[in-house]
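Trainee: I would like to learn how to read the fold of a model, beginning with the whole chain and ending with single contacts. Could you take me through one?

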Amino acid sequence: MAKVYVFLAEGFEDVEALIPIDVLRRGGVDVTTVSISEFPLVTSAHGVNIEADILFEQGEFDNADLLMLPGGMPGASNLFNHSGLCEALKAQYQAGKKISAICAAPGVVLAPLGILEGKQATCYPGFEKALAENGARYTGDLVTVDGNITTAEGPAAAFPYAYELLGQLVDKQTADQIAEGMRFKHLMQK
């Protein structure tokens, strides 16, 4: 079973965290939510309180198949300001393992860490300058996959992003079945 850690910071974008968590768990992925603050209760950008499974200090992230970053502001900035998380992301990248980020997080977190250098990536419009300044090529797509890095544009991309990650971690057939069961494919036919 694939192991994923989703890092939650004060001000994270609700759907960018919760939709991928839900989709991955439906697909049989072991997802652990991680608070990077000193408390397990984390407040989203829209005032929703989520209790994380563990605090950052309780995690051992070297067993991760994927480290995932929701976007939102100031959530993405809070992620970047956590030195332990930045070190875990760099170690994951250097090991050639999967990292994903959505919305502001590719530009605010991954790009300054050098993780997107020489890669194609997407992000929320307005953050693409940070990608270019750090050697990435902005695609403007809903979801962009370049090697072990998956990035997504913003809240509306949360479902396609989640299904892409599920396909990578389990298989495309499972991702398609979950998308069909959640009526996503029906929505996209309209």
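Mentor: We go from the overall dimensions to the sheet, and then to the packing of helices. This is a predicted model, in which local features need pLDDT of at least 70 and side-chain atom pairs count only at pLDDT 80 or more, while totals for chains, interfaces and linings use all residues. Residues are numbered from 1 along each chain as its sequence is written, and side-chain values use heavy atoms, with hydrogens and water left out.

Trainee: How many helices and strands does the protein chain have, and how does its radius of gyration compare with the globule rule?

Mentor: Helices (H or I, at least four residues) and strands (E, at least two) are DSSP runs, numbered from the N terminus. The protein chain has eight helices and eleven strands. Its radius of gyration, taken over C-alpha atoms, is 15 Å, close to the 16 Å that the globule rule (2.2 Å times the number of residues to the power 0.38) gives for 190 residues, so the chain is as compact as a globular protein of that length. Along the principal axes, the C-alpha atoms fill a box of roughly 40 × 35 × 35 Å.

Trainee: In what order do the strands of the open sheet lie?

Mentor: Strands of a sheet pair through backbone hydrogen bonds, either parallel or antiparallel; here two strands pair if DSSP finds at least two bridges between them. Seven strands form the open sheet, in the order β5-β2-β1-β6-β7-β11-β10, with mixed pairing. Its edge strands are β5 (54-55) and β10, each of which pairs on one side only.

Trainee: Which strands pair with β11, and in which sense?

Mentor: Strand β7 (residues 98-102) pairs with β11 in the parallel sense over four bridges, and S100 has T150 as its bridge partner. Strand β10 (residues 143-146) pairs with β11 (residues 149-152) in the antiparallel sense, also over four bridges, with T151 as the bridge partner of T144. β10 and β11 form a hairpin with two residues between them, and G147 in the turn has a positive phi of about 65°.

Trainee: At what angle do helix α1 and helix α6 pack?

Mentor: Axes are lines fitted to C-alpha atoms, for helices over the stretch in contact, and angles run from 0 to 180 degrees between N-to-C directions. Helix α1 (residues 14-26) and helix α6 (residues 158-169) pack at about 40°, with their axes 9 Å apart. The contact (heavy atoms within 4.5 Å) involves residues including I19 and V23 of α1 and F159 and L166 of α6.
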